[in-house]
Amino acid sequence: MPLDPSRTVAELQELRELTGDENGAQRVAWTEAWARARDWLRGKVAETGAVEEIDEAGNQWFTLDGESDRALLLGGHIDSVPNGGWLDGCLNVMAGVEVLRRIAADGRPPLTVRLVNWADEEGARFGRSLFGSSAAAGSMTDQDELRQRRDQNGVALPDALREHGVDLDGARAARSQLENAVVYLELHIEQGPVLESMDLPLGVVLGTFGVERHLVTWKGQAAHAGSTPMDKRRDALAGAAKLALEIRPMAAEVGDGAVCTSGGVVCRPGIVTSVVETAEQLLDQRHLDAGKLARLLELARKASERFAAEENIDVSFERIWNIEPILFDEKLIALADESIREVAGTSHRLPSGPLHDAAEVARAGIPTVMIFVQSLRGLSHTKLEDTKEEHLELAVQALDRLTTKTMEAYA
Ligand SMILES: [Zn+2]
């Protein structure tokens, strides 16, 4: 069967009809609609002869045997956020199905080819994203914490999993799935505005951003708004305000895609008649380069100390969360570049702000790369999420070329 990218678009529309409503996609993991989507997917893959297996974490695998046990993996996630878009995650899966059909029709491939539909990438119901891929990658270490999690209706995560045949305590056994994996490829919508602003359909993803997330606490002195002269104030908000603006030149100085966000400030006592005594400020910094990420944090600390001295207040940093940048494989990045140039003329390399299942697989040491396809208006996680059909078809072609090139390079 020759590759037919228009079939992928038609199947994505079919899936939208089957599991969406007027508010968007409703395939939240561990729900009935999600299970229905998985059953539907099973039917789509059946004709290829690939054998299905559900692993201990609920990941759905389809395996097409090759000359070698060594496996090339194609991945995506069919789960969505509530009121989600029609492409996030399922484009990856359905493009993979089309590539699988083409490979099966060409005869026995040199490498075993496996398509994986990761379980619960979004974490929409229980707040734990990358569930299935982290179990398979061996980075799931929060079992005790997961056991306590409940959804909005008070249903415990282990109970929801059990309804779908998954035992939380056994989920980490999914790790054996990556034993024979030699390479992992994933297509995804960009979910941001970069490719559209450059008028390019496709790009190669260099990796996922490292993140430094801090709570910056400024401490001054509450004082009466009427009786305290301006030069006698110790105003905690003044420090937070200065830092909120300083992150712009800071990101510009470090460059190469650096982004910094001050996502909120809580002031106490927070009344109109008092100088602010305490300002708790949220700071999020991201970069693809670990050294440059560290530099961003250092600049933020130094600037904060300067502002604290200027305002006669105190400042302290408390780390809320961080993750290292995860870099994709250079050889695969070059192959993806080549594949994109062949189908679209021009390629572009860009980092990913969001984490993806691919980041978990890369962290497990398996050479990984992603292709991004343009998102219209940069929107995702909303029913407004969209991509031009011609770009979707180019994306399927690029994934197919990349699969062929990767097979040749790793066989
Ligand atoms: Zn996704």
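User: Okay, buried means under 20% relative accessible area, exposed over 50%, and partly exposed in between (1.4 Å probe, protein chains only). Is tryptophan 30 buried or exposed?

Analyst: Tryptophan 30 is buried, at a relative accessible area of 1%. Keep in mind that this is a predicted model, where local features need pLDDT of at least 70 and side-chain atom pairs count only at pLDDT 80 or more, while totals for chains, interfaces and linings use all residues. Residues are numbered from 1 along each chain as its sequence is written, and side-chain values use heavy atoms, with hydrogens and water left out.

User: Where does tryptophan 30 lie?

Analyst: In the loop between β2 (24–25) and α2 (32–46). Those labels come from DSSP runs numbered from the N terminus: helices are H or I with at least four residues, strands are E with at least two.

User: What about its phi?

Analyst: Tryptophan 30 has a positive phi, about 65 degrees, even though it isn't a glycine. Most residues other than glycine have a negative phi, and most peptide bonds are trans. Leucine 130 also has a positive phi, near 55 degrees.

User: Where do I find leucine 130, and is it buried or exposed?

Analyst: Look in the loop between β6 (111–117) and α4 (131–137). Leucine 130 counts as buried, with 6% relative accessibility.

User: You brought up peptide bonds. Which one is cis?

Analyst: One that is cis runs from arginine 268 to proline 269, with omega near 0 degrees. Proline 269 sits in the loop between β10 (259–268) and β11 (278–287).

User: Zooming out, how many helices and strands does the protein have?

Analyst: Twelve helices and 15 strands. Its radius of gyration, taken over C-alpha atoms, is 24 Å, close to the 22 Å that the globule rule gives for 411 residues, so the protein is as compact as a globular protein of that length. The rule itself is 2.2 Å times the number of residues to the power 0.38.

User: What box do the C-alpha atoms fill?

Analyst: Roughly 85 × 50 × 40 Å, along the principal axes. Of the 411 residues, 54% count as buried. The protein exposes about 17,100 Å², with carbon and sulfur atoms supplying 48% of that. Those areas come from the Shrake-Rupley method with a 1.4 Å probe, and for residues only the protein chains shown count as cover.

User: Helix packing next. What describes two packed helices?

Analyst: The angle between their axes and the distance between the axes. Here, axes are lines fitted to C-alpha atoms, for helices over the stretch in contact, and angles run from 0 to 180 degrees between N-to-C directions.

User: At what angle do α1 and α2 pack?

Analyst: Helix α1 (residues 5–19) and α2 pack at about 145 degrees, and their axes are 10 Å apart. Contact means heavy atoms within 4.5 Å. The residues making it include Leu15 and Leu18 of α1 and Ala37 and Trp40 of α2. By class, there are five nonpolar, one polar and four charged residues in that contact.

User: Which residues go in which class?

Analyst: Ala, Val, Leu, Ile, Met, Phe, Trp, Tyr, Cys and Pro are nonpolar, Asp, Glu, Lys and Arg are charged, and the others, Gly among them, are polar.

User: How do α8 and α9 cross?

Analyst: The axes of α8 (residues 236–254) and α9 (residues 290–311) come within 9 Å and cross at roughly 145 degrees. Among the contact residues are Leu243 and Met250 of α8, plus Leu299 and Phe307 of α9. That contact has ten nonpolar, two polar and eight charged residues.

User: Last one: where's aspartate 159?

Analyst: In helix α6 (residues 157–163). Aspartate 159 counts as partly exposed, at 35% relative accessibility.
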